Amino acid sequence: MKDGFEHFYISWYSRAKNFAREYVLDDVEAENIVQDVFIKVYERWNLFDENINLTSYFFTAIKNESLKTLRKKLTVEKAKERIQKEYTMEIRLRYDSLESLNTAFSDEKSIEDLLYDALNKLPERCRQIFVMSKLKGKKQKQIAEELGISVNTVEVQMGIAYKKLREELKDYLPIILFLFGFINKQ
């Protein structure tokens, strides 16, 4: 048994690693994939008979593990894009607000009233999501789960809230951010 597996391992290891690396673009990931597949083959070695095309089985397993690795990478990239998109919207909001800042406000109470008036003008669901995110510090995924909606819906509603609040508070937003810590650091 071991002689056959050792021969198979020696014969196919470098070709299998090159095959995996061609798709996952990383030596370490390719090596991990190939090692995992070799372990699975070793554990099942006695189950293979002469009617099974072992090479085909082996490369199919490497292909499937490579696909799984690439799916994980895509998921991580989508999450990074979503975070970057929210960050960009927040920076844009701050930039636009600072650019049009009116520093001639009367007192803290009048700014607070402006803030709550603007929040109350948001559509109900939009306001609820914005408050959960920015005043209560909840993550988008948590909001989506609590409200039984998709993360995409949360993102869209946050975009609507940013746009409406930017329009409504354009002359005071930097002061609101400074005085009330309106937008939490994430």
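How are α6 and α7 oriented to each other? The two helices are roughly perpendicular to each other, a class that covers angles of 65 to 115 degrees, against under 35 for roughly parallel, over 145 for roughly antiparallel and oblique for the rest. The structure is a predicted model, in which local features need pLDDT of at least 70, side-chain atom pairs count only at pLDDT 80 or more, and totals for chains, interfaces and linings use all residues. Residues are numbered from 1 along each chain as its sequence is written, and side-chain values use heavy atoms, with hydrogens and water left out.

The protein has 8 helices and 0 strands. Both element types are DSSP runs numbered from the N terminus (helices H or I, at least four residues; strands E, at least two). Along the sequence the pattern reads α-α-α-α-α-α-α-α. The protein holds 186 residues, and buried residues make up 32% of them. Buried means under 20% relative accessible area, exposed over 50%, and partly exposed in between (1.4 Å probe, protein chains only). Contacts are heavy atoms within 4.5 Å. Among contacts between residues at least 6 apart in sequence, 71% join residues at least 24 apart.

Helix α6 spans residues 140-147 and helix α7 residues 151-169. Their axes come within 8 Å and cross at roughly 110 degrees. Axes are lines fitted to C-alpha atoms, for helices over the stretch in contact, and angles run from 0 to 180 degrees between N-to-C directions. On the α6 side, the contact is made by Gln140, Lys141, Ile143 and Ala144. Val151, Val154 and Glu155 contribute from α7. These residues divide into 4 nonpolar, 1 polar and 2 charged. Ala, Val, Leu, Ile, Met, Phe, Trp, Tyr, Cys and Pro count as nonpolar, Asp, Glu, Lys and Arg as charged, and the others, Gly among them, as polar.

A search of the whole structure finds 18 aromatic pairs. Rings of Phe, Tyr and Trp (its six-membered ring) pair if their centres lie within 6.5 Å; planes under 30 degrees apart count as stacked, over 60 as edge-to-face and the rest as tilted. One of the pairs is Phe19 with Tyr23, edge-to-face, with centres 5.5 Å apart and planes at 65 degrees. Phe19 and Tyr23 are 4 residues apart in helix α1 (residues 2-24), so about one helical turn separates them. Phe19 is partly exposed at 28% relative accessible area. Tyr23 is also partly exposed, at 49%. Phe48 and Tyr57 form an edge-to-face pair, with centres 5.1 Å apart and planes at 65 degrees. Phe48 counts as buried at 18%, whereas Tyr57 is partly exposed at 31%.

Cys126 lies in helix α5 (residues 124-135). Its relative accessibility is 0%, so Cys126 counts as buried. Beyond its neighbours within four places in sequence, Cys126 is in contact with Gln157, Ile160 and Ala161. Cys126 and Met158 are 32 residues apart in sequence and 6.9 Å apart in space, C-alpha to C-alpha.

Glu65 sits in helix α3 (residues 54-99). Glu65 is buried, with a relative accessible area of 14%. Leaving aside neighbours within four places in sequence, Glu65 is in contact with Ile33, Val37 and Lys40. The C-alpha atoms of Glu65 and Ala20 are 8.8 Å apart, across 45 residues of sequence.
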